[in-house]
Amino acid sequence: MSQFFGIMRHEFKMYLSRPGLWIAYGLVFIFYTVTFLYPSPDEEVIILTGKQTWQYAGQMAYTFNLFLPVLVGILSADRLLRDFRGGIRELQESTPLTFATYTLGKYFGILAASLAPVLVWVWLISALFVAFRNVPVQFLYAMTVAFFAMIAPAFAFVIAFSLACPLIMPLRVYQILFTGYWFWGNYISPEYFPTLNGTLLTVSGVFAYHGYFHGFINAADPLKYSAADATLNLIVLGLIVAAVMVVLNRYLQWKSRRA
Amino acid sequence: MKRFSLKYTLLTYRFDQLWFPLAFWAFFVILTLLLRDQVEDFDIARAYIGVAIPLVGGFMAAHAILDDPAIELRFATPIRAAQILFERTSLILLIQAVCALAFILFALLTGVDFTPLGDAFHLQLAWLVPTVAMIALATFGAILGAQTMTGAFLVGLVWIIQVIIRDGMAVNNWKYAYLFMGILNPEHPDLASNQIALFAASAIFLFFAWRLLNRQERYI
């Protein structure tokens with residue numbers, strides 16, 4: 001376990017020390033903060049009570065999921081690849097480190113480093129909402145739940161693929177396919193074009209938004225997904241992440257044997 | 001003194017810059033042939049030339065200059081920064097242009113009507129303006145951050161924001177930065193201003209990229 005935590009801690013520090021990460025997060029955080037804290041003058045004043053507090057927390061998390069996972073997917077795409085390019089992997093293979101410890105340490109280190117700044121910012125923006133808008137303190141708790149039910153699963157999903165896929169295809173090709181996938185697989189209507197959106201493979205958090213947070217406030221349309229659908233969606237995404245990590249582990253073993 | 005070597009360019013060329021745009025082109029051609037419908041054919045054609053090509057060009061450009069294993073050797077030669085910049089970005093633009101023109105030709109042969117996008121000149125501007133803008137943004141981002149990743153995430157972020165909130169981009173002052181106005185809102189009264197603004201922004205990005213590329217110690 002000490003090896004696992006060592007790899008995880010190192011990856012966490014390395015990931016957070018990249019200026020690109022902070023530029024990327026900074027741009028998106030500013031965009032969202034301005035959008036939410038300074039709405040357009042014709043927008044209705046928000047007064048949240050009871051169920052609406054949860055609905056609004058879900059809505060905010062769903063909106064954050066539009067862009068944040070794209071950034072995380074692009075930024076984490078070179079994390080495993082750079083160990084191979086820099087020749088670090090050969091050195092690591094000469095140590096008693098197992099493949100599973102290495103891949104899982106890397107994965108959870110990147111996941112924790114990607115989530116930590118977002119969680120701090122989510123708490124900060126929620127606190128500002130509580131302080132300056134008509135929002136109860138319960139909103140802080142609702143936002144934390146929304147973070148773990150919607151944002152964290154999306155990050156976990158995209159990071160697994162961003163670690164594995166660039167090992168079998170050029171990095172820039174993966175980045176193009178991933179960015180295109182995020183729009184196609186999550187936001188194109190299935191009535192308009194064949195897409196993964198609407199299936200249990202949807203990563204945008206729409207299942208949890210409807211199932212756990214009851215969708216938009218005063219929405220005219222009935223909810224599409226129940227809490228059971230949302231739970232099933234999270235289980236399916238979790239299984240896919242596990243499958244990707246197993247395949248990645250096997251691939252690294254196979255590559256090591258061929259070297 | 002020999003200023004340009006085609007042999008060196010080809011030897012150091014990353015061929016995914018060539019096969020991937022061609023594969024993407026082939027994918028959209030197959031998609032068009034599978035979904036034979038007049039309205040959908042037009043939507044697929046404009047999605048490819050006006051939305052997909054700028055994305056591919058942008059990501060390719062983000063990696064074009066700094067993702068060269070011989071970059072330090074290149075800096076040790078008397079090659080000027082402007083030449084490196086021109087060689088790498090123009091090649092990407094050329095490949096995207098060939099793909100766009102080939103797809104337009106294919107679409108015309110299959111009966112797609114491009115008249116909603118305006119005359120032939122405006123049809124070309126509809127893909128050229130966003131593609132140049134994305135290439136310029138990616139190049140500037142990568143060189144500014146001294147990392148290919150900075151250029152890549154800027155392209156990814158700008159593209160996904162503009163695709164998802166495209167209706168919002170067409171109003172207020174955002175309309176001047178709206179990449180897909182020529183292809184998605186060709187009837188917009190401010191289209192000419194939008195295209196001029198995007199060309200100006202591209203020129204500014206490339207100018208600063210050139211200035212920064214002169215400071216070679218940043219990339220070693």
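Colleague: Which residues in H6(B) meet H10(B)?

Modeller: This is a predicted model. On the H10(B) side the contact includes Gln195(B), Leu198(B), Ser202(B), Phe205(B) and Leu213(B). By class, the contact of H6(B) with H10(B) has 18 nonpolar, 3 polar and no charged residues. The residues in H6(B) are Leu125(B), Val129(B), Val132(B), Ala133(B), Ala136(B), Leu137(B), Thr139(B), Phe140(B), Ile143(B) and Leu144(B).

Colleague: How are H6(B) and H10(B) oriented to each other?

Modeller: Their axes come within 8 Å and cross at roughly 30 degrees. The crossing is left-handed. Angles under 35 degrees count as roughly parallel. H6(B) and H10(B) are therefore roughly parallel.

Colleague: What covers the buried residues of H10(B)?

Modeller: H10(B) runs over residues 191–213 and reaches 32 Å from its first C-alpha to its last, close to the 33 Å expected. Its buried residues include Leu191(B), Asn194(B), Phe205(B) and Ala209(B). The cover includes H5, H6 and H9 of chain B.

Colleague: How many of the 17 residues of H7(B) are buried?

Modeller: H7(B) covers residues 148–164. At 1.5 Å a residue it should span 24 Å, and its end C-alpha atoms are 24 Å apart, which agrees. The helix is largely enclosed by the rest of the structure, because the buried count is 15 of the 17.

Colleague: Is Leu93(B) buried, partly exposed or exposed?

Modeller: Leu93(B) is in helix H5 of chain B. Beyond its neighbours within four places in sequence, Leu93(B) is in contact with Gly57(B), Thr131(B), Val132(B) and Ile135(B). A buried residue needs 20 or more other C-beta atoms within 10 Å, and an exposed one has 12 or fewer. Leu93(B) has 17, so it counts as partly exposed.

Colleague: Now chain A. How are H6(A) and H10(A) oriented to each other?

Modeller: The axes of H6(A) and H10(A) come within 10 Å and cross at roughly 130 degrees. H6(A) passes H10(A) in a right-handed crossing. Angles over 145 degrees would count as roughly antiparallel, and 65 to 115 as roughly perpendicular. H6(A) and H10(A) are therefore oblique.

Colleague: How do the residues of the contact of H6(A) with H10(A) divide by class?

Modeller: H6(A) brings Phe99(A), Ala100(A), Thr103(A), Leu104(A) and Tyr107(A). H10(A) brings Met245(A), Leu248(A), Asn249(A), Leu252(A) and Gln253(A). The residues divide into 7 nonpolar, 3 polar and no charged.

Colleague: Which element gives the most to the side of chain A that touches chain B?

Modeller: The contact takes 22 residues from chain A and 20 from chain B. The elements of chain A that give two or more residues are H2, H3 and H8. By class, this side has 16 nonpolar, 4 polar and 2 charged residues. The most, 9 residues, comes from H8(A).

Colleague: What is the phi of His214(A)?

Modeller: His214(A) is found in the loop between H9 and H10 of chain A. With 16 C-beta neighbours inside 10 Å, His214(A) counts as partly exposed. Most residues other than glycine have a negative phi. For His214(A) phi is positive, near 65 degrees.

Colleague: And is Asn172(B) buried or exposed?

Modeller: Asn172(B) is found in the loop between H8 and H9 of chain B. Its phi is positive, about 55 degrees, although Asn172(B) is not a glycine. With 9 other C-beta atoms within 10 Å, Asn172(B) is exposed.

Technical notes
Residues numbered from 1 in each chain as written. Chains lettered and ligands numbered in written order. Predicted model: local features only at pLDDT ≥ 70, side-chain atom pairs only at ≥ 80, totals over all residues. Helix = DSSP H or I, 4+ residues; strand = E, 2+ residues; numbered from the N terminus. Contact = placed C-beta atoms within 7 Å. Axes fitted to C-alpha atoms, helices over the stretch in contact; angles between N-to-C directions. Left-handed = near helix turned anticlockwise from the far one by under 90°. Nonpolar A, V, L, I, M, F, W, Y, C, P; charged D, E, K, R; others polar. Expected span 1.5 Å × (residues − 1).
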